[in-house]
Amino acid sequence: MSVEIKSGEDRYDIVVDGKPAGFLETRTRPDAILFLHTEISDDFAGQGLAGKLVTAALDDVRAQGRSVLPYCPYVRSYIAKHREYEDLVPEDKRAEFEL
């Protein structure tokens with residue numbers, strides 16, 4: 001299985017064997033990138049693709065030196081389980097996201 005993550009304007013896409021499998025919708029603000037919604041197609045459910053997509057997006061944000069506001073419930077729970085990404089959420093905003 002070939003998995004590719006593509007970043008575009010206001011979203012990250014995950015492509016499996018050349019087929020669109022899902023996306024992570026974002027909005028860029030001067031102070032942070034808002035993670036709004038993660039969706040994986042039913043045809044690709046249960047393969048761990050949402051986690052791969054979110055990991056790649058968070059790693060990309062870190063590489064840019066930016067911060068994240070995880071409005072998407074999936075991203076919020078992912079960060080709660082993978083505390084190595086918690087530092088991407090500004091300290092004064094963590095309580096708002098229950099982190």
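Start by selecting helix H1 and the elements that cover its buried residues, which include E1, E2, E3, E4, E5 and helix H2 (73–81). Helices here are DSSP runs of H or I with at least four residues and strands are runs of E with at least two, numbered from the N terminus. You are looking at a predicted model, in which local features need pLDDT of at least 70, side-chain atom pairs count only at pLDDT 80 or more, and totals for chains, interfaces and linings use all residues. Residues are numbered from 1 along each chain as its sequence is written, and side-chain values use heavy atoms, with hydrogens and water left out.

Now colour the buried residues of H1: Leu49, Ala50, Gly51, Leu53, Val54, Ala57, Leu58 and Val61. Buried means under 20% relative accessible area, with exposed over 50% and partly exposed in between (1.4 Å probe, protein chains only).

Next, show the strands. They form an open sheet of five in the order E1-E2-E3-E4-E5, with mixed pairing; two strands pair if DSSP finds at least two bridges between them. Which strands stand at the edges? They are E1 (3–8) and E5 (68–70), each with a single partner strand, so one side of each is left without a neighbour in the sheet.

Zoom in on E3 (residues 19–28) and E4 (residues 33–40), which pair in the antiparallel sense over seven bridges. Here, Leu24 stands opposite Thr38 in E4.

Finally, bring H1 (residues 49–64) back: this helix packs on the sheet, touching E1, E2 (11–16), E3, E4 and E5, where contact means heavy atoms within 4.5 Å.

Technical notes
Axes fitted to C-alpha atoms, helices over the stretch in contact; angles between N-to-C directions.
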